[in-house]
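Have the sequence and the model open side by side for this one.

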Amino acid sequence: MTLPPFDLHRARSDEEAAELLMRYGEDAAVVCGGTELLLLLKLGFAAYGHLVDIKRIDELGGIRAENGTLVIGSTVTHREIERSPLVLERLPALAAMARRVANIRVRNVGTLGGNLCFSDPHSDPATFLLALDAEVDYADRRVSVAEFLVGPYQTALEHGQLLASIRIPVPAAGTGVAHRKLAFHERPAATVACLVRAEQGSVAEARIAVGSVGARPVRASEAERALTGTRVEDAAAIAEAAALAAEASSAVEDANGSVEYKQNLVRVLVERCFRDAVAAGN
């Protein structure tokens with residue numbers, strides 16, 4: 001497979017990138033890590049005469065703490081996240097999740113922002129970020145990850161706009177966060193992320209996000225409500241929540257399996273992930 005010809009433009013600022021994208025219109029696309037876009041070009045699933053490289057825009061990089069939130073620039077790679085001392089200190093579950101994205105070659109060049117902007121339904125970061133109530137900044141706006149991910153391969157970005165950063169609230173002390181997935185050939189077939197805050201052995205707060213089984217990651221709100229107020233070791237309550245999460249997942253049949261198979265995967269992963277989160281919070 002060979003790449004079709006294109007002109008590569010290396011933007012040095014947000015303004016320059018936006019100007020290039022508007023100048024070349026629908027014949028232009030943004031590239032940073034390129035792990036997904038370049039594959040589409042090779043396979044002939046997309047064609048662009050101009051690629052605008054944004055990885056040299058300093059304002060889109062870096063990881064910092066700000067008012068109890070981790071702010072991650074859109075061009076930060078998965079490898080940078082998994083090795084960041086700040087992430088390892090403030091939110092080690094994020095580093096653990098990033099460490100399991102694809103393979104080391106992809107993590108070295110693939111970016112968190114690129115992953116979200118591609119909006120592949122089979123995504124590790126999107127499910128994790130949804131469970132943590134993360135937000136994104138773009139075009140002087142701040143919206144939740146749920147609002148940003150409109151659908152499969154669709155986001156709220158308009159042509160010419162760039163994702164600036166991802167903002168992840170750091171959970172309070174005593175809160176456990178966990179992420180689990182089942183992957184075939186490095187591509188997730190089911191992903192689950194749980195956040196659990198317990199008080200005196202009971203669930204004070206629970207968040208459950210499910211992804212990679214349907215068109216987009218979703219929060220399992222009914223499952224969260226079913227767990228709240230129950231004992232953390234209540235097996236029946238956990239099983240009920242797992243079943244509710246499976247129903248909420250909007251699983252679709254594809255090469256990874258039937259709807260029933262995927263829902264069963266979700267049930268198993270939710271039960272295990274919930275218990276992981278409880279243990280992480282102790």
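Leaving aside neighbours within four places in sequence, which residues is R197 in contact with? They are G174, T175, S202, V203, A204 and E205, where contact means heavy atoms within 4.5 Å.

## Ground rules

This is a predicted model, so to speak of local features the pLDDT has to be at least 70, side-chain atom pairs count only at pLDDT 80 or more, and totals for chains, interfaces and linings use all residues. Residues are numbered from 1 along each chain as its sequence is written, and side-chain values use heavy atoms, with hydrogens and water left out.

## Around R197

R197 sits in strand β12; strands here are DSSP runs of E with at least two residues, helices are runs of H or I with at least four, and both are numbered from the N terminus. At 25% relative accessibility, R197 is partly exposed. That label covers the range between buried (under 20% relative accessible area) and exposed (over 50%), using a 1.4 Å probe and protein chains only.

The side chain of R197 makes a polar contact of 2.6 Å with the side chain of E199. A polar contact is a pair of N or O atoms within 3.5 Å; within protein, one must be able to donate a hydrogen and the other to accept it, and residues adjacent in sequence count only if both atoms are side-chain atoms. G211 is 14 residues from R197 in sequence, and their C-alpha atoms are 22 Å apart.

## Positive phi in two loops

Y153 has a phi near 60°, a positive value in a residue other than glycine. You'll find Y153 in the loop between β8 (149-151) and β9 (154-155), partly exposed with a relative accessible area of 45%.

E186 is another non-glycine residue with positive phi, near 75°. Its loop runs between β11 (175-184) and β12 (187-199), and E186 is partly exposed with a relative accessible area of 42%.

## Side chains reaching backbone nitrogens

S84 belongs to the loop between α3 (78-83) and α4 (85-90). Is S84 buried or exposed? It counts as buried, at 9% relative accessibility. A polar atom of the S84 side chain lies 3.2 Å from the backbone nitrogen of V87.

Q161, in the loop between β9 and β10 (163-169), is buried at 17% relative accessibility. A polar atom of the Q161 side chain lies 2.9 Å from the backbone nitrogen of E158. Not counting residues up to four places away in sequence, Q161 touches Y138, A139, R141 and A156.

Beyond residues up to four places away in sequence, G160 touches A18, L21 and M22. D14 is 146 residues from G160 in sequence, with 9.7 Å between the C-alpha atoms.

E147, in helix α9 (residues 145-148), counts as exposed at 52% relative accessibility. The C-alpha atoms of E147 and V136 are separated by 9.4 Å, with the two residues 11 apart along the chain.

## Helix packing

Two packed helices are described by the angle between their axes and the distance between the axes. Axes are lines fitted to C-alpha atoms, for helices over the stretch in contact, and angles run from 0 to 180 degrees between N-to-C directions. Angles under 35 degrees count as roughly parallel, over 145 as roughly antiparallel, 65 to 115 as roughly perpendicular and the rest as oblique.

Helices α5 (residues 92-99) and α8 (residues 124-131) pack at about 165° with axes 10 Å apart, and are therefore roughly antiparallel. The contact is made by A93, L94 and M97 of α5 and D124, P125 and F128 of α8. Those residues divide into 5 nonpolar, no polar and 1 charged; Ala, Val, Leu, Ile, Met, Phe, Trp, Tyr, Cys and Pro count as nonpolar, Asp, Glu, Lys and Arg as charged, and the others, Gly among them, as polar.

For α11 (residues 235-248) and α12 (residues 259-281), the axes come within 8 Å and cross at roughly 135°, so this pair is oblique. Residues making the contact include I238, A242 and A246 of α11 and V266, V270 and F274 of α12. By class, the contact has 10 nonpolar, 1 polar and 4 charged residues.
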